[in-house]
Amino acid sequence: MATPRTSPEISGMGHSMKRKEDPRFIRGRGNYVDDIQLPGMLHMDIVRSPFAHAKIKSINTERALKVPGVLAVIDGATLAKFNLHWMPTLMSDTQMVLPTEKVMYQAQEVAAVIATDRYAAADGVEAVEVDYEPLPVVIDPFKALLPGAPVLRTDKKDKKDNRIFHWEVGDKAGTDRAFAEADVVVKQDMYIPRIHVASIETCGCIADFDRVNGKLTVYMTTQAPHAIRTVFALVAGHVGLSEEKIRIVSPDIGGGFGGKVPVYPGYVIATAASVVIGKPVKWIEDRMENLQADSFARDYHIHAELAARKDGTMTALRIKTLADHGYADAAANPSKFPAGLFGIATGSYDLKHAFVEVDGVYTNKPPGGVAYRCSFRVTEAVHCIERITDVLAQELKMDPAALRMKNFIPAEKFPYKSALGWEYDSGNYPVALRKAMDIIGYEALRKEQAEKRARGEFMGIGISSFTEIVGAGPSKHFDILGLKMFDSCEIRVHPTGKAIARFGTKSQGQGHETTYAQIVAEELGIPAAHVQVEEGDTDTAPYGLGTYASRSTPVAGAAGAMAARKIREKAKKIAAHLLECSPDDLVREPGKFTVKGAPQRFKTIQEIAFAAYTNHPQGMEAGLEAVSYYDPPNLTYPFGSYICVVDIDRGTGEVKIRRFVAVDDCGNIINPMIVDGQIHGGLTMGMAPALMEEIQYDESGNISGGSFMDYLVPTSMETPAWETDKTVTPSPHHPLGAKGVGESATVGAPPAIANAVVDALAHLGVRHVEIPITPEKVWRILKEKGAAE
Amino acid sequence: MTNHKIDVTVNGARQSAEVPARLLLVHFLRENLRLTGTHIGCDTTHCGACTVLLDGQPVKSCTVLAVQAQGREVTTVEGLEKDAKLHPVQEGFWQKHGLQCGYCTPGMLMTGCALLARNKDPSEVEIREAISGNLCRCTGYVNIVKAIQYAAEKLRAQ
């Protein structure tokens, strides 16, 4: 959509409307969970394990209970009385709320202290005495599967090893045959490290149980309030919490990125405490707790193989992956996809054969496997295919851009059925890559690189032409704990022509209050400024599965359009009634219905809204409202081509991103300014794991990377001035032709950077560098190759 | 634990309180004065979400004790708007899409104000250096730089 259909006053799709949420944020008037203070509110703090695996011999709370202000200490035994010491994960595994026998990772919750203020609660935590007996730890996921490895989940009676699942997809026999017949086969091991979303707001909640009416309200940092309500009802039904008495409120959220999808033990303990004590209980984790105990992302050990003909035609892809899930499978994937959407691994290429295997394994690390601004393991898949493509280019001595062009799925083949079973909705990959090459001046850069190489300077150019898969998802295949992954919107148009629109999702910075208002404006012609968008309160918003995996625009945005269209149908009938004509004689223009051939005869949406309450046709219900629960027919497949230029310092090994051009295609765009902002942020969160971020453990299971001292999040100094552009290939099945966009850049950027670094070092015989590509790693390579200064 | 009497001027208004010695300035602002615009994002002076101005200098209020503010002037994000008119830095963040989730924003705004108070025409590198102690996970900093440039221009024109 080149030019917006609506005027700036209406601000439908295509307008860079300034965000409606900003006036409160720039005044310090946001309302985040920790900003909420309720009368009589108590504070909770958590005692955590110093050991990665240990038996709990005793917990002595005597000293803690003497600390002024401390009211109670809750441990596993307390919760066991109510059978609340274990809870299900989103993957139908189980995890401890508080342990009764042993701890399974360093920083695991051991007990909780309830006190009158947060300082007293922290004092209480210091005074709780826990006696541990250390147990043998399992940290290396490969060793976890060896015979004789300690079996970690002794709580599961029939569990005899540490394997969580084996999952495979694709045609094994056909793939093996293609490999046997291939001219060239390249193989590469690659590790996608464990990282953490580290949203600037940590997680927390206030649980407020009203003993008089039996109602529980939980203000919570959650991306999926409705699903959480249902989970709470299912987990705590046996102690009398019934779903109609549970209200989850997700107020302003300071970044989510997937880390605020799971139910963390802290939420459950605070809720139990409030129910027992009858007062509001606030729990806000600190940064170290956030990094050390909340769900991690990634941690995929990948072995990839790519088969090709001599001319560079890719023929088959084979991947075997070990997925370290920590001590419980607490990933946030759709139920039928234990490895998420890793099956997008054939990427942008017309591969006839592919076979993928993933094994999930337990270790003594925090549970998880959530996204890091990514749609369920897509980043892992994209890194794998984009990296191995460059390995093939190197093997064949082909230009990586030319190799990609040769293998792209041709535009005319869409909708395209991939070898791993997905139906890509739309795409035009060569155009995006060519555009990125033109913007960055690809051919000139290759010349410059050759000259620099001759002078002994290290410069690299890296490409990533990724395909994403977002907008989960069609109910046939997609559910979380059985809840189908539709999403919803309810619109009410008021008599004066203003509207309120409520959605089942929850913005964490994506700008839904603006974007959704623009969708309603596009479809109804009510100015976006007059559309109040609300989300996050389960008592008022329609049921939905929440915001993650770039699903808001593809699913809830579509629901918004569909609800608006229902209203439009009724509005047209009212207009016909007012104009005394047949609805068939009316044409819709932005904000009004006009009689065909008589442009002076029209009714505005505001006039129609007023009539809906004051002069509605006999036989028609009054009012102007609609609800839509949108079940998407397919996922959407945004794509893009990124090119990164790096310079490497021979003295320090530092990688400097000189330029980074991102050409994205997310179909039709609702708010170009917001899309650009999403891409900037996504690129930065793509650079982060490529160059900086990793959470590591030593052999005893001690975490490194457990605070901002040593978990390096990009600052303004490392982050380059991103250059963005776009192509527009609308989604054929989305009512607005839109696709998701919030995560494309996080997914697409890491291989572009890694490919650029390898490209800079390729002439030294370097074929692969593991991310994060730290100065130390690069310096060691330079040193080893005799190229360090 | 003994309390200490402090007199602090916050956003132009004199505030007196009895506070424990260990009370952090950020908690004094957020919980005692209910100025919740100043946020907490870490506890180790890394993220800058809690940045406020102490006698005009940006400080991370999670590592300043409330008693250290005795007799001094504190400005928080709530003190930026004057006579219902946004500060140019606030305006810049809105116009240039310099914020997404809004959590780091108050700290960024305060750091931006402090920079522009001492440097009316900062280069891009100077802006990036100034905000390098304020982490943002959403924006990639590109539009934050533009927002501060917008404010600089606007302030110079005044």
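A residue is called buried if 20 or more other C-beta atoms lie within 10 Å of its own, exposed if 12 or fewer do, and partly exposed in between, with C-beta atoms placed from the backbone. The structure is a predicted model, in which local features need pLDDT of at least 70, side-chain atom pairs count only at pLDDT 80 or more, and totals for chains, interfaces and linings use all residues. Residues are numbered from 1 along each chain as its sequence is written, and chains are lettered from A and ligands numbered from 1 in the order in which they are written.

**View 1. B:Asn119 in the loop between α3 and α4 (124-130) of chain B.** B:Asn119 counts as partly exposed because 13 C-beta neighbours lie inside 10 Å. From B:Met1, B:Asn119 is 118 residues away in sequence and 43 Å away in space, C-alpha to C-alpha. Helices (H or I, at least four residues) and strands (E, at least two) are DSSP runs, numbered from the N terminus.

**View 2. Helix α3 (residues 105-118) of chain B and helix α5 (residues 142-157) of chain B.** Two packed helices are described by the angle between their axes and the distance between the axes. Here the axes come within 11 Å and cross at roughly 40°; that makes α3(B) oblique to α5(B). Axes are lines fitted to C-alpha atoms, for helices over the stretch in contact, and angles run from 0 to 180 degrees between N-to-C directions. Angles under 35 degrees count as roughly parallel, over 145 as roughly antiparallel, 65 to 115 as roughly perpendicular and the rest as oblique. From α3(B), B:Met108, B:Gly112, B:Leu115 and B:Leu116 meet B:Ile144, B:Ile148, B:Ala151, B:Ala152 and B:Leu155 of α5(B). Two residues are in contact if their C-beta atoms, placed from the backbone, lie within 7 Å. The residues of this contact comprise 8 nonpolar, 1 polar and no charged (Ala, Val, Leu, Ile, Met, Phe, Trp, Tyr, Cys and Pro count as nonpolar, Asp, Glu, Lys and Arg as charged, and the others, Gly among them, as polar).

**View 3. Helix α10 (residues 378-396) of chain A and helix α11 (residues 400-407) of chain A.** The two axes come within 9 Å and cross at roughly 110°, and α10(A) and α11(A) are therefore roughly perpendicular to each other. α10(A) passes α11(A) in a right-handed crossing. A:Thr389, A:Asp390, A:Leu392 and A:Ala393 of α10(A) meet A:Pro400, A:Leu403 and A:Arg404 of α11(A). This contact holds 4 nonpolar, 1 polar and 2 charged residues.

**View 4. Helix α8 (residues 265-277) of chain A.** Of the 13 residues of α8(A), 11 are buried, so the helix is largely enclosed by the rest of the structure. Among the buried residues are A:Tyr267, A:Ile269 and A:Val275. Just after α8(A), A:Gly278 takes a positive phi of about 80°.

**View 5. A:His43 in strand β1 (residues 42-48) of chain A.** A:His43 is buried, with 24 other C-beta atoms within 10 Å. Leaving aside neighbours within four places in sequence, A:His43 is in contact with A:Ala115, A:Asp117, A:Arg118, A:Ala121 and A:Lys282. A:Val113 is 70 residues from A:His43 in sequence and 8.1 Å from it in space, C-alpha to C-alpha.

How values were computed. Expected span 1.5 Å × (residues − 1). Left-handed = near helix turned anticlockwise from the far one by under 90°.
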